[in-house]
Amino acid sequence: MKKSVVLFFLLLLKTIFAQHNLEFFLQEAYKNNPQLKEFSQSFINTRLERELINAENVLPKISLTANYLFAPFFNNNGKIISTNPGANAIGYDVGITNGGLYSAQINLEKNLFNGYLTDALEQQILIKDGAVKNNIILLKHELEKQVTDIYLQTYLSFKLLNLENEILSSIKKEESIAAILLTSGLLKESEILLLKIEVDNQTNAINNSTVQFRTNLNQLLILCDIKDTSITQIDSVELKLVNASKESFFNKKFENDSLALLNQQTIFESKYQPQVSLFFNTGLNAIEIEGIQRKFGLSAGINFSMPIFDGNQKSITRQQNDLSLKSISFYKEYFSNQLNNQRKNSLDKIQSQKNNLNNLQNQIKNYEKVILISESELKQGNISMVDYLTILKNFIELKKNFITVQFEYQSEINSYNYWNW
């Protein structure tokens, strides 16, 4: 019983203090995105398309037909239906109507030698499948970029909020020191009031930072379709540069488009192949009702057709496809140049921001020493509270600048990783 209770509380603590890191939000975005769900259903449709191709081009067609034609004759010695009307009979020419038609048949037809078409249609499905798979990868990559951007923005506001709280704690600590200095005559009462004003200003800054953090966090939750609004903090993140992939999935789209065009041409040209089909039927087929019980039989045969001339449609469509393929090639080359420019631009920014971060880190280390010295001088009455607060504000702005540049650095890495893929 005790073990069960301990296990329950461990699970409860795990739930309460669950890690909400970047990977958590990415997985939620992938899981909840409606377009990704739609793409996953397309693979079910692929199976159905294969079955449809088999049904239309491989399996035999079986049908039941029934016909009745009534073609009466008048002034024919009392015979309404006849295959041999008299000279005075009035009605349709018997050569056209055969006097009537009584038919009830089962028909079977099967295409032969159409492997060229079925292979082309199967290839079309494979190309569609490849395009869908690439679209899934591209969409996930796009979501990764978007979620990471907002996550970084949220983490920036989270760090700034923490910094504001640290600053408030530091100023409140100075309040207790200032009270002692006031009684010893080392501080003026106006300086104490100035310190209280800074506490109020800092409280307002915390409120503003809290609102900004909640706003960014809500944007992240909306993008990932997360309904849990109890999340109040997120984990730190440190992105790394990734190596370029051997085969860009961006360019894969152009390849799929080219393959689709070539496949369309193959399907179009399949109609120039000899078309052969076998047919068979059995049942009733009669033109007179007399002796109809003996008019049951069967027939079979072969249909053959092959186009001879259609106005050079094959040549025209090939020329059209060649133009489309050239257009795809132009777009691919243009996009590749854009990719290279984006990568180079991102790398230049990353290097610049890295240098800025190193400089800011050195400044912060030096300023931390200045703060310690200033606190000591304030306690000894060697500097005024105004001077100390000025130094503290400069230090605060420096740390805020450092956090902002960290965000820009990580954001640019995210941008580079997006294009370098």
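User: On what basis are the values computed?

Analyst: This is a predicted model, in which local features need pLDDT of at least 70 and side-chain atom pairs count only at pLDDT 80 or more, while totals for chains, interfaces and linings use all residues. Residues are numbered from 1 along each chain as its sequence is written, and side-chain values use heavy atoms, with hydrogens and water left out.

User: How many bridges join β1 to β2, and in which sense do these strands run?

Analyst: Helices (H or I, at least four residues) and strands (E, at least two) are DSSP runs, numbered from the N terminus. Two strands pair if DSSP finds at least two bridges between them. Residue L69 has L101 of β2 opposite. Strand β1 (residues 61-70) and strand β2 (residues 100-112) are antiparallel, and the bridges that join them number 10.

User: Over how many bridges do β2 and β3 pair, and over how many do β3 and β4?

Analyst: Opposite S103 stands N285 in β3, and opposite T282 stands L298 in β4. Both pairings are antiparallel. Strand β2 pairs with strand β3 (residues 275-286) over 11 bridges, and β3 pairs with strand β4 (residues 296-305) over 10 bridges.

User: Is T97 buried or exposed, and which residues does it contact?

Analyst: T97 belongs to helix α4 (residues 94-97). Buried means under 20% relative accessible area, exposed over 50%, and partly exposed in between (1.4 Å probe, protein chains only). T97 is therefore buried, at 8% relative accessibility. With contact defined as heavy atoms within 4.5 Å, and neighbours within four places in sequence left aside, T97 touches L69, A71 and Y92.

User: Why does E164 count as buried, and which residues does it touch?

Analyst: E164 is part of helix α5 (residues 115-183). It counts as buried because its relative accessibility is 5%. Not counting residues up to four places away in sequence, E164 touches Q202, A205, I206, S209 and K400.

User: What distance does helix α8 reach from its first C-alpha to its last?

Analyst: Helix α8 (residues 313-379) has 67 residues. After α8 comes G381, with a positive phi near 80 degrees.

User: How far apart in space are S352 and Y409?

Analyst: S352 is also placed in helix α8. With a relative accessible area of 38%, S352 is partly exposed. S352 and Y409 are 57 residues apart in sequence, and their C-alpha to C-alpha distance is 8.9 Å.

User: What is the volume of the largest pocket, and which helix gives the most to its lining?

Analyst: On a 1 Å grid over the protein atoms alone, a pocket is an open set of points where a 1.4 Å probe fits, with protein on both sides within 12 Å along at least five of seven lines; lining residues have an atom within 4 Å of a point. Grid points are joined across faces, edges and corners, and a volume is the space filled by probe spheres set on the points. The largest pocket is lined by 16 residues, of which V237, L357, Q406, Y409 and Q410 lie nearest its centre. Its volume is about 310 Å³, and the helix that gives the most to the lining, with 6 residues, is α9.

User: Which residues other than glycine have a positive phi, and what are the values?

Analyst: Most residues other than glycine have a negative phi. N77, in the loop between β1 and α4, is exposed because its relative accessible area is 79%. D225, in the loop between α6 (189-224) and α7 (249-269), is partly exposed at 38%. Positive phi values are found for N77, at about 55 degrees, and for D225, near 55 degrees.

Note on methods: The expected span of a helix is 1.5 Å times one less than its number of residues.
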